[in-house]
Amino acid sequence: MPGLQVQLRSASPIRLEAEFDCGAGELVALVGPSGSGKTSMLRAIAGLWTPADVQGHIRVAGQAWLDTAADVQLSPQQRRAGLVFQHYALFPHMTAQANVALAAGPDWSNSDITALLKRMGLDALTQRRPAQLSGGQQQRVALARALVRVMPTPRLASAASTVPQVWPGVLLLDEPFSAVDAPTRQTLYRELAAWRQQVSVPMVLVTHDLAEARRLADRVVIVDGGQTLQTGQPARVFASPRNARVAELVGIQNHFEGHFYKDQVGWGRLRWTQDGDASQAIDLTVVDKNKIEDNTPVTWVLNGEQVDVLPDASTPAQTEAGTTRLRCRLHEVLALGEISLCTLTPEALPEQTITLNLTTRLLERLQVDTGGWVQLMIAPGALHIMPVRANTD
């Protein structure tokens, strides 16, 4: 389906190496630290920021909004982009109705705008100015203003079939939910989901909240230093980062070093050592995808969500092929409501630590105190290995 394609290169004023796409009806989240270039990418799509040396293209529904090779550059007014800023950016001297009307296209009448504001729960507030609205109410007005740039009027949307209409625009969301309370955030999530069922436009969300990205996004794009490092479904990217930097950016706690050795066909052996000391080592079974050579230094991550924790003396009735049984001491337990942040030290590598988030119910079943022992059942799918790349700087 037609959608958004972005391919941009620039060296100044900041480095930019952006390459990603977003299909019609898809929501893609740009995730990365502050200053990584996420908002600059949104502004480039909207036409609000174009470096002098930029090379590449931005296309929406087959139309070139920017194509440096063909000398095409549409103005922000010519681009059908609805942008929701983190801090709303509403005109303070105008009412909610007027703020939305200012961005509306010629198909939108005052009654259409009123109907949209009513749907957003703002029908009693249309004549209020931003200073008279709460933060959540201002954010809803900002979202409504963005929607009228890229969505059909309520009349056209309601007359459409149950199949979402493909609409030639893009919705850009710059951390739109960060400044509102939890109930308002849930309401805005629902409103966004409802619009997605009616109209198919690419939606690009900037967020620093990994949980929000996992909840809302069809795909995530990991961004750092103006560069897109990895793109994919959230579960896959967070469990299988492309390199150590991506693992760090997505907040993977269990990140270690080791060596990979080929074993029997289809299987490999991950040797986890203490500072390279072969006398202290743990061998973990991993799937060999035939992408890493034998005896290769690697970094690797452990997905704690795929690790089973059992009492020390227990014997599981059945385990997945290749599962490694690892005896660990429960070093520390920090209670966080229903979840406890647990630090464990492997018996064979007492200087290393594994961090797991365990529920209160599981800890009660384990019947183990700090200093006691448990067994970790680590299936091959819980491990993701990455070759160590030489530093060419």
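**Salt bridges and their surroundings**

Modeller: The count of salt bridges comes to 14 in this structure, which is a predicted model. I will take several of them in turn and then go on to the sheets and the cavity.

One of the salt bridges joins Glu-19 to Arg-9, with 3.3 Å between the closest N and O atoms. This pair links distant parts of the chain, since Glu-19 sits in strand 2 (residues 16-23) and Arg-9 in strand 1 (residues 3-10), ten residues apart. Are these two residues buried, partly exposed or exposed? Glu-19 has a relative accessible area of 41% and is therefore partly exposed, as buried means under 20% and exposed over 50%. Arg-9, at 35% relative accessibility, also counts as partly exposed.

Another salt bridge is formed by the side chains of Glu-17 and Arg-15, at 3.0 Å from N to O. The relative accessible area of Glu-17 is 27%, so Glu-17 is partly exposed. Arg-15 reaches 43% and is placed in the partly exposed class too.

Asp-312 is partly exposed, because its relative accessible area is 24%. Arg-327 has a relative accessible area of 27%, so this residue is partly exposed as well.

Salt bridges also form a network, which links Asp-21, Glu-26 and Arg-219.

Five bridges hold the antiparallel pairing of strand 18 with strand 22 (residues 373-378). Within strand 22, Ile-378 is the residue that stands opposite Val-307.

There is also an open sheet in which five strands follow the order 16-15-14-17-23, paired antiparallel. Strand 16 (277-287) and strand 23 (383-387) stand at its edges; each has a single partner strand, so one side of each is left without a neighbour in the sheet. From one strand to the next, the twist averages 40°. Strand 14 (residues 255-262) runs antiparallel to strand 17 (residues 296-302), and six bridges join them. Phe-260 has Thr-296 of strand 17 opposite.

Last, the cavity. The structure holds one cavity of 30 Å³ or more, and about 40 Å³ of space lies in the largest cavity. Which residues line the largest cavity? The lining is made up of Leu-8, Leu-16, Ala-44, Trp-49, Thr-50, Pro-51, Val-54, Ile-58 and Leu-66. By class, eight of the lining residues are nonpolar, one is polar and none is charged.

Notes
Residues numbered from 1 in each chain as written. Predicted model: local features only at pLDDT ≥ 70, side-chain atom pairs only at ≥ 80, totals over all residues. Heavy atoms only, no water. 1 Å grid on protein atoms, 1.4 Å probe; cavity = no way out; pocket = protein on both sides within 12 Å on 5 of 7 lines; lining within 4 Å. Points joined across faces, edges and corners; volume = space filled by probe spheres on them. Nonpolar A, V, L, I, M, F, W, Y, C, P; charged D, E, K, R; others polar. Pairing = 2+ DSSP bridges. Helix = DSSP H or I, 4+ residues; strand = E, 2+ residues; numbered from the N terminus. Axes fitted to C-alpha atoms, helices over the stretch in contact; angles between N-to-C directions. Salt bridge = Lys/Arg side-chain N within 4 Å of Asp/Glu carboxyl O. Buried < 20%, exposed > 50% of the residue type's maximum accessible area, 1.4 Å probe, protein only.
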